[in-house]
Every structure is written in structure tokens, then in C-alpha cells.
Amino acid sequence: MEGLRADGFRADGTVRPKVLRLGDRAGERDGGAPASRHVALDAALPDGGLPRGAVVELSSPRALGAVTSLALAACAAAQREARFRSGDERTLGAMCGFVDPWETLYAPALAHHAVDATRLIVVRPPLGSLARVVVRMAESKAFSVLSIDLKGVPGSRTSEGREQSVALERWGTVVRRLAIAVEHTDTTVLLMTDRLQHRAMPLPVALRLEVDRAPDRSLARAHEESLEESLVDRDLRRPSVEPLQWHVHVAKDRSGRVSSGLRSNVPVSIALSG
Amino acid sequence: MRRVVAIVLPELFRYALPTAESQHQGVAALYVEGGVDVQGDGLVAAVDAAARARGVRVGMRVSEAMARTAHVIFRSIAPSRIVSALADVADVASGVGSPVEVLFDDTVLVDCTGVAHLFGGEAALVDSLAARLGELMGPLAKNLSIALADGPFHARVVAHTARSYAVSAEAPCCSVVPSGASAEAIANVSLQLLVKLLHQPVVDGPSWASASGLSKDVWPPRERHPLVETMDRLGVRTFGALASSNRAQLLSRIEALTTKHTFADSTKVAENLLRWLDGEDPRPLVPFARALVLSDRALFEDGVESSAQLLFALRALLSRLSARLRGRRQATNRVDLTIHYDKSYVRVREGEGASMDDTLFVELPAALSHTEDLFRAIKAKLEAFELRAPCLAVEVTLSRIASAEGVQLDLSRDARIHPEALPALLSELSAEIGAERVGVLVSVDDHRPEARSRLEWPADGGVLGAGPAGRKPRAPRRKKHVMPLFDASAFGPEEPTRLLSPPVPLHKDVRELVRGSSLRIGQDDYEILSATFERRLDAVAWWTSESPRRDYWRLELVAARAPSGPVRAWAFVDKLTRETFLHGYWE
């Protein structure tokens with residue numbers, strides 16, 4: 001068929017339509033997930049993507065890293081995969097959850113990140129109920145991706161007027177309960193934390209990603225080159241947009257290895273207006 | 001071949017007694033409306049096995065029964081309570097067939113023609129029905145008897161004499177008569193049973209007892225019947241003996257008796273009796289009209305003073321209501337809980353004009369029917385509620401009943417998710433933290449950024465789906481998978497990811513939004529790396545009182561505390577006040 005690559009994906013990166021059915025979906029890992037279009041970040045991760053049935057920590061200085069964008073991208077990927085796997089274009093996709101105690105998530109940004117807003121449940125609990133609410137949401141097993149914002153952004157306040165991030169000292173137990181709740185399921189829990197916040201012990205997560213901005217402009221050039229090879233339809237790209245360049249450092253992987261020393265500088269193209 | 005199930009509940013009146021008395025042995029009931037005390041000339045309408053063993057019979061006067069034995073207690077029960085109990089059983093029975101007919105005071109019939117294969121056979125069908133009734137009635141279900149036969153009459157006869165056709169020794173209450181063997185099944189049954197079978201009136205709806213009244217001609221049935229007495233004098237004492245009699249003579253005898261006496265089914269007694277003897281019963285069932293609102297009530301002899309004790313009773317109530325909902329293939333969108341206090345306590349504590357009860361309610365985002373889902377939704381509300389006085393009764397009402405639609409298998413996830421998992425979760429969260437904190441984000445067409453995003457309750461059909469009645473599937477063990485990320489397109493977002501509401505004042509003049517200037521946001525200091533004018537809002541929403549005039553700027557800030565990378569912020573200058581505000585971030 002014209003326009004199809006050998007791995008079953010179209011040249012523009014979209015999945016093959018339902019009617020083609022040329023065989024097994026190419027580029028899939030165990031479990032049938034479609035190949036990532038976010039090639040660079042997937043390549044940087046230990047297993048080639050975010051693990052399922054586990055808790056992942058996305059750590060960045062407050063309002064610095066693109067952790068919210070990463071979380072929304074994960075939600076969009078889960079929804080897209082659900083539509084793909086159900087084989088029916090009318091399927092609305094998997095349900096995702098976003099816990100936003102600071103009430104700052106903005107609806108128009110969801111459309112840009114290709115997130116189906118009708119399939120993203122947003123919960124704004126008071127900080128006193130936050131732990132109980134997130135555990136309950138994880139135990140329901142109703143979500144493919146559950147994103148929990150524990151850091152807020154500078155200047156944000158909760159409904160009780162609190163400005164500080166959630167104290168992480170007591171969240172070790174909560175994280176363990178989250179891990180137990182999503183074990184043996186296909187739910188991924190994303191914890192968005194402030195890397196600069198003091199904590200006595202690291203959170204017992206399966207994977208910790210530290211997101212930082214790449215100061216080296218050479219990486220920007222490398223990204224531009226990678227964009228040339230990307231699966232994005234060139235005609236639809238706006239030449240005036242300069243994507244941000246981010247460092248994604250795998251601080252801890254599924255095997256428990258905590259990396260130190262060399263950082264894996266992988267330019268991750270998350271297109272935010274520059 | 002037609003298949004009908006008869007459910008006989010010999011001591012159903014216990015279901016209508018207060019919980020503390022329902023387990024007493026040696027109870028005789030009188031069906032009297034209005035809570036009238038037991039009188040000596042009252043007629044006994046129902047007895048349990050212990051009272052019968054002591055010589056108390058249905059139709060006997062109370063004074064006569066008291067003369068026979070002093071070890072029986074007498075209770076007045078309103079016939080409407082018996083009808084209500086039968087309606088509960090009918091709701092559960094409707095889950096295995098249709099239509100459902102109710103006979104006063106202890107029988108429910110349901111037509112199960114052609115549905116046995118859905119349960120794995122007729123034996124499995126009656127077992128399933130017994131299990132569901134056990135869930136409804138609890139320990140009171142041990143006395144019930146269920147029989148499946150070719151027609152309502154034969155099923156009723158076998159249910160009253162269930163031992164011969166028991167499915168297994170462990171379940172003596174469940175009997176299945178093979179198809180075509182109904183005549184043989186009733187051959188050895190005494191004709192005395194006809195007395196009750198011919199006199200049981202059909203109940204057409206929940207208001208039957210109050211509408212028609214329960215006259216003494218209707219209930220209790222007499223112990224003697226002219227047909228049975230005549231046959232007894234002729235030496236015909238069983239159905240089998242009656243069947244082997246000369247049909248012509250039998251017919252003439254019965255018709256003669258019909259002209260002399262009034263039968264409950266007078267015009268067709270002879271014709272029906274001959275058909276029954278041949279193993280046929282084509283009589284259609286009279287459908288029972290179901291109540292539009294379901295309610296149940298629990299009474300406490302000693303007042304309940306804590307929410308924890310109330311929750312314990314509430315779970316039992318919801319279990320019964322859930323069994324009825326699932327039998328009817330329905331679910332509810334609202335749960336009302338009415339707490340009735342001890343009036344004397346309330347009067348002393350709060351005075352004469354105080355309300356004697358409180359009502360809590362929970363609106364459910366999608367119709368739910370399972371006990372645990374309903375319980376979690378109401379539990380969150382009840383735990384935060386403080387009782388004003390000891391509670392003597394609690395009543396649960398399900399007023400917004402909806403059809404429980406089936407949900408097709410969802411192949412879009414690795415793990416099987418119960419269809420009611422999300423609606424139940426949303427119900428619980430809304431009850432705990434408030435419905436205004438749970439929902440989906442909706443983009444609103446508005447010039448003002450702060451009005452462009454709104455949290456709304458999920459619309460039915462788009463997000464939620466009513467779950468069917470059924471077991472919750474177990475999630476299978478699977479390998480952990482890797483979920484790749486979606487590579488966002490190269491479009492630049494015009495809107496920030498996070499919006500601050502209200503905007504945070506920066507206490508800076510617009511001329512200070514230049515490279516090198518410092519800002520303080522919250523507890524942190526930032527330095528401006530770059531400031532780019534983005535857009536202007538002017539003369540927008542002019543028809544409102546808050547028509548903004550703003551110049552928006554995109555700022556790149558670097559934190560003094562963590563100088564590792566810039567922060568992308570969205571700020572605006574209010575042209576009316578010349579103040580600058582931070583409005584959002586790209587994050």
C-alpha cells in the first residue's frame with residue numbers, strides 16, 4: 001500500500017488505518033503497545049517507554065521541566081493506543097486521571113497535546129485529602145495514566161490558600177500503596193515532584209526521570225536534524241516555532257539502578273513555543 | 001414446553017417483623033392494618049412451624065389459640081407489609097424470568113420458559129435464584145422452597161411438598177420436575193393442599209392490600225373445603241387417586257359442588273382441575289406491577305448513637321436494595337437516607353419544634369446498582385454527619401431508578417475494568433470532596449484566558465457508562481508493559497499549560513520587564529532573560545462589567561535558587577491600572 005512503511009506505520013507517523021490490516025502492528029513491544037512517535041525519549045528510557053503497572057516520578061525544579069507536558073503526552077498516547085487497539089474509530093479511548101490540587105491545569109492546552117478532554121478526569125482535592133484521593137483513584141483501576149501534581153507552579157495556591165509543595169516526607173507510604181494498587185494492571189502513575197524540595201529519602205518509585213533544560217545549543221541543532229527525520233508531516237509544521245530542548249536523566253530505572261556520574265543527554269523534542 | 005418457577009415462603013411474615021423478633025420461634029401473625037393491637041376475636045393469618053406444632057392453625061381465633069398453648073406470641077402485621085415483602089421477592093425473581101406473579105401471602109411465580117440455558121441448566125437456575133433470595137432475605141431464606149415445573153399449579157404443589165424432587169441433599173429447598181412429569185409429581189400429594197391453592201388471591205401491585213382491603217372472605221383461607229371433604233368421603237385423598245377416577249362422574253360431582261358453594265376460581269374449577277390432573281396448566285401469569293421507587297427500612301429497638309453502627313445496618317439495607325435492582329435490571333441515580341430520631345431525646349435537646357428526622361442524599365453521576373458502590377457513595381457522606389439524637393430507624397429510598405444498560409466488552413485496555421468502576425469512583429469522590437472538584441476540563445470560547453477553561457461534571461454517555469448487573473471481572477496477571485510517549489507535533493502552543501487563577505501580582509512596572517530585571521514570585525527570586533510581547537486584549541467582552549485591557553508578554557525567567565534552565569511564564573500588564581501580573585506557565 002502506498003504511504004506505508006515496512007513497520008506498518010504511515011510515512012507521516014500516524015498509525016495505519018483500521019482497514020489496511022497488513023499484519024501485526026510493527027514496532028510494538030510486549031503487550032501490544034504501538035511504536036512511539038516520541039522516538040528520542042523512548043530511546044532514552046530503559047525499557048523503551050514508560051512502564052505500566054508502576055509508579056514513575058517526573059522530577060524537575062518548579063515550573064522548569066516540561067513534566068506537565070510529559071504527563072499530558074502520556075495521557076494522549078494512552079488514549080491513542082486505546083483507539084488503536086479497540087479497532088474502532090468510534091472508541092473514545094482510555095480514561096486518564098489528573099490530580100491537580102492547585103487548580104492550574106488549563107483546558108486549551110489539552111487540545112494542543114492531543115488529549116481528549118472528555119476522557120481526562122480532573123480532580124482538585126484539598127491537600128488534606130490528597131493522599132486518600134490518589135490511592136482511591138489508583139485502586140479503582142479505571143485509569144490508564146494517573147498523573148499527580150505534587151509541586152504546583154510558582155505563585156499557585158490551593159483552595160485553602162497554601163502555596164508550598166506537598167511535603168514528601170510522608171509520601172513514601174503513599175507511593176508504596178499506589179504501587180500495590182496498580183501492580184498487575186496497565187495503569188501508569190506519574191508523580192510530578194519538585195527536585196529542589198528537601199526529602200529525607202527518595203520516593204520508592206519504579207522509575208525516576210529528572211527533567212532539565214539542555215543549555216547546549218548544539219543539542220538544539222541536533223534536534224532540528226532529528227525533526228527532519230521525524231514522522232511529523234512537514235507541511236503542517238510551523239517554521240516559526242522553536243521547540244524547547246530538554247535533558248531527561250534516568251535517575252533510577254526499573255532494576256533499581258541509580259545512575260550517577262555521566263548524564264544521558266538526550267534531546268527530547270517537546271514542541272512548546274519558544 | 002412451558003416452565004414456571006414457584007417460590008414459596010412459608011414464614012414470610014417474619015420478614016415484616018422487627019429484626020429483633022424475626023428469629024423468635026412460636027409466632028402467630030394477624031394481618032391487621034393500622035397497628036391495631038391483637039384482639040381475642042382476631043383470626044390467625046399465618047403461623048410458623050413451632051406454633052403449628054403447638055396446635056395453632058391458620059383461621060383459628062386468637063382466644064382459641066391462647067387456650068391451646070401459652071407458648072406462642074401473637075403479632076399484628078399490616079397486609080401492606082406482606083405485599084411489600086412479596087414485592088421484594090418479585091423484584092429478585094424478575095432477574096430469572098418474566099412475567100412475575102404474586103399470590104398472597106407466600107408465593108411468587110415466575111415464567112422461566114426458554115431461559116434455563118442462560119444459567120447452565122434448570123438446576124443451576126433454581127440454585128442461582130435461591131442464592132439471590134438468600135442475599136435478599138439473609139437467614140430468613142432457609143425456609144423458602146423453590147420448584148420448577150410445567151405450569152404454575154404444579155410448581156406450587158411441588159414447592160409445598162419439595163422433598164421428593166430435591167436437586168441435592170445440600171439444597172432441599174430447590175426442586176426441578178422433569179418436563180412432562182408434572183402429573184406424576186403431584187400424584188401422591190394430598191388433596192388438602194387444594195384448600196390453600198384455590199384460595200390464594202393474585203396481587204396485582206404494591207397497593208393491592210390498601211386498595212382492595214383484605215376481607216375475611218379472602219384471608220385467612222378456611223381449613224375446610226367442600227370439594228376436598230366430598231372427595232375425602234369418597235375415599236379419594238390424593239391427586240393421583242383423583243386422576244384415576246371416572247372422569248365423567250368426577251366432572252358431574254365437581255359441577256354440582258360448584259353450584260352449591262363459592263370457589264375462589266369458581267367458573268373454571270372443574271375444567272382446571274382435570275387439566276391439572278393431566279399435567280397441564282396453560283393459565284397465563286398475571287404480571288405484578290413493580291414499584292417505581294424502591295425503599296427499605298431498618299428499625300432499632302435500642303437507639304443507635306454513632307455513625308459506625310448506622311453504617312453496619314446501612315450495608316444490609318443496601319444489599320437488599322441492590323439485589324432488587326439487579327433482579328429488575330435497573331440502577332439508581334440517587335440514594336436518599338432518612339434518619340428517624342428518638343422523639344423524646346430531640347424534644348429535650350432541641351425543643352418541641354425541632355425536626356424529628358434528618359435526610360441525606362447522594363446524587364450519582366451514573367446509575368449504580370452494586371452494594372459496594374452504593375455503600376461507598378453514601379458512606380463518605382454519613383461519616384461526616386453527626387447524629388443529633390439516638391436513631392430508632394433508618395430508611396433508604398432509591399427514587400431515581402434508571403435502566404441498567406449493558407456495556408459491551410472493552411478491548412482498548414490490557415486489564416479488564418468493571419464498567420461501574422469509574423462511576424462508582426466519581427460518586428465517592430464527589431461525596432467526599434464535593435462535586436465541584438471533580439470533572440473534566442472544558443474549553444470555553446472566550447477572549448479572556450481565565451474564562452476559557454472550566455471544570456464541568458462529565459456528561460453521561462461521553463465519559464461514563466452505566467454498568468450491567470453482574471460479577472466484577474478479575475484483572476488477569478500480565479507482564480508489565482512499556483508505554484511509549486506520544487511525540488507531540490511541532491506546533492507551538494498558543495496557550496500555556498498552567499493558568500494561575502487569580503493572576504499573581506508582580507509589583508513591577510511594564511518598563512521593568514526587560515532582560516536583567518528581577519522578579520519575586522512566591523518564595524523564589526527570578527531573573528528575566530527575555531521578554532517578548534505576545535498579544536493585546538482590548539475591547540473584548542465589552543458587554544460585561546469586566547472588559548479587560550491587557551498586554552500579554554512571554555517571559556523567560558531563570559530561578560536564582562536553581563540556575564539550571566529558564567522558566568517560560570505568561571504575564572500581562574493591566575492597561576487600566578498599569579500593574580503587572582503573572583498569569584501562567586508553559587510547563
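Reader: Where is the place of Thr185(A)?
Author: This is a predicted model, and in it Thr185(A) sits in the loop between α5 (171–182) and β6 (188–194) of chain A.

Reader: Why does Thr185(A) count as buried?
Author: Its relative accessibility is 10%. Buried means under 20%, so Thr185(A) counts as buried.

Reader: What does the side chain of Thr185(A) reach?
Author: The backbone oxygen of Val182(A), at 2.5 Å, and also the backbone nitrogen of Thr187(A), at 3.3 Å. Leaving aside neighbours within four places in sequence, Thr185(A) touches Arg52(A), Gly53(A) and Lys141(A).

Reader: What makes α4(A) roughly antiparallel to α17(B)?
Author: Look at the angle: the axes of α4 (residues 130–140) of chain A and α17 (residues 421–433) of chain B come within 10 Å and cross at roughly 170°. Angles over 145 degrees count as roughly antiparallel, so α4(A) and α17(B) get that label.

Reader: Which residues in α4(A) meet α17(B)?
Author: Arg132(A), Val133(A), Arg136(A), Met137(A) and Ser140(A). By class, the contact of the two helices has six nonpolar, one polar and four charged residues.

Reader: Why do β19 and β20 of chain B stand at the edges?
Author: The open sheet in chain B has six strands in the order β19-β24-β23-β22-β21-β20, with antiparallel pairing. β19 (498–505) and β20 (518–521) each have a single partner strand, so one side of each lacks a neighbour in the sheet.

Reader: How many bridges join β20(B) to β21(B)?
Author: Four. Two strands pair if there are at least two bridges between them, so β20(B) and β21(B) (residues 524–537) are a pair. In β21(B), Tyr526(B) is the bridge partner of Leu519(B).

Key. Residues numbered from 1 in each chain as written. Chains lettered and ligands numbered in written order. Predicted model: local features only at pLDDT ≥ 70, side-chain atom pairs only at ≥ 80, totals over all residues. Heavy atoms only, no water. Axes fitted to C-alpha atoms, helices over the stretch in contact; angles between N-to-C directions. Helix = DSSP H or I, 4+ residues; strand = E, 2+ residues; numbered from the N terminus. Parallel < 35°, antiparallel > 145°, perpendicular 65-115°, else oblique. Contact = heavy atoms within 4.5 Å. Nonpolar A, V, L, I, M, F, W, Y, C, P; charged D, E, K, R; others polar. Buried < 20%, exposed > 50% of the residue type's maximum accessible area, 1.4 Å probe, protein only. Polar contact = N/O pair within 3.5 Å; in protein donor to acceptor, adjacent residues only side chain to side chain.
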